[in-house]
Amino acid sequence: MAVSRARTLLMLMLGFAAAACAQPRTDVAEAATSMCTLRVIVALDAAPDAALLADLSRFSGARLELIRTMTSNLHLLALEAQGDDSECKAAMERLRGDPRVRSVDVDERRKIQ
C-alpha cells in the first residue's frame, strides 16, 4: 500500500515537473517577439491590391495591411515590424524608397495653427 502511494506521488511529481518545463518562459518569448505597429498614410500610383501590398511588404521588411482607402491615391495602412519603434521607422523609410510609393506619413492628429 505504501509503495503504491509513493509510486503515485512520484508519478504526479514527474508529471508536474514535465508540465512546468514545457511552458514557455514569458520574458524570453516576449523579448524574442516584440513587435512595433505604426499607422501610415501612403500615396500610391496604383490601388493597393494583395499582390502590391505583399511586394511592398517584402521591400520594406514590414507587414503591411490596408485599413481603408481615404481617396483614390491615399490609403491608410498598418505597418508592423519585428523589433522596437526604430525598426518601424526604418521600414517606413525603406517604403519611401520604392518607386511605386509617392509619399509615406505617420497617421497622427494634426492641429490647426
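In which helix is the place of serine 57? In this predicted model, serine 57 belongs to helix α3, which spans residues 50-60.

View 1. A polar atom of the serine 57 side chain lies 3.1 Å from the backbone nitrogen of leucine 64. Beyond the neighbours within four places in sequence, serine 57 is in contact with Ala62, Arg63 and Leu64.

**View 2. Salt bridge between arginine 102 and aspartate 45.** The closest N and O atoms of this pair are 2.8 Å apart. The bridge links distant parts of the chain, 57 residues apart: arginine 102 is in strand β4 (residues 101-106), and aspartate 45 is in the loop between β1 (35-44) and α3. Arginine 102 is exposed at 52% relative accessibility, and aspartate 45 is exposed at 54%.

**View 3. Salt bridge between arginine 100 and aspartate 55.** The side chains meet at 2.6 Å, N to O.

**View 4. Salt bridge between arginine 63 and glutamate 65.** Their closest N and O atoms are 2.9 Å apart. Arginine 63 is partly exposed at 44% relative accessibility, as is glutamate 65 at 38%.

**View 5. A salt-bridge network.** Shared partners join Asp55, Arg58, Asp98 and Arg100 into one network. The count of salt bridges in the model comes to nine.

How values were computed: Residues are numbered from 1 along each chain as its sequence is written. This is a predicted model: local features need pLDDT of at least 70, side-chain atom pairs count only at pLDDT 80 or more; totals for chains, interfaces and linings use all residues. Side-chain values use heavy atoms; hydrogens and water are left out. Helices (H or I, at least four residues) and strands (E, at least two) are DSSP runs, numbered from the N terminus. A polar contact is a pair of N or O atoms within 3.5 Å; within protein, one must be able to donate a hydrogen and the other to accept it, and residues adjacent in sequence count only if both atoms are side-chain atoms. Contact means heavy atoms within 4.5 Å. A salt bridge is a side-chain nitrogen of Lys or Arg within 4 Å of a carboxyl oxygen of Asp or Glu. Buried means under 20% relative accessible area, exposed over 50%, partly exposed in between (1.4 Å probe, protein chains only).
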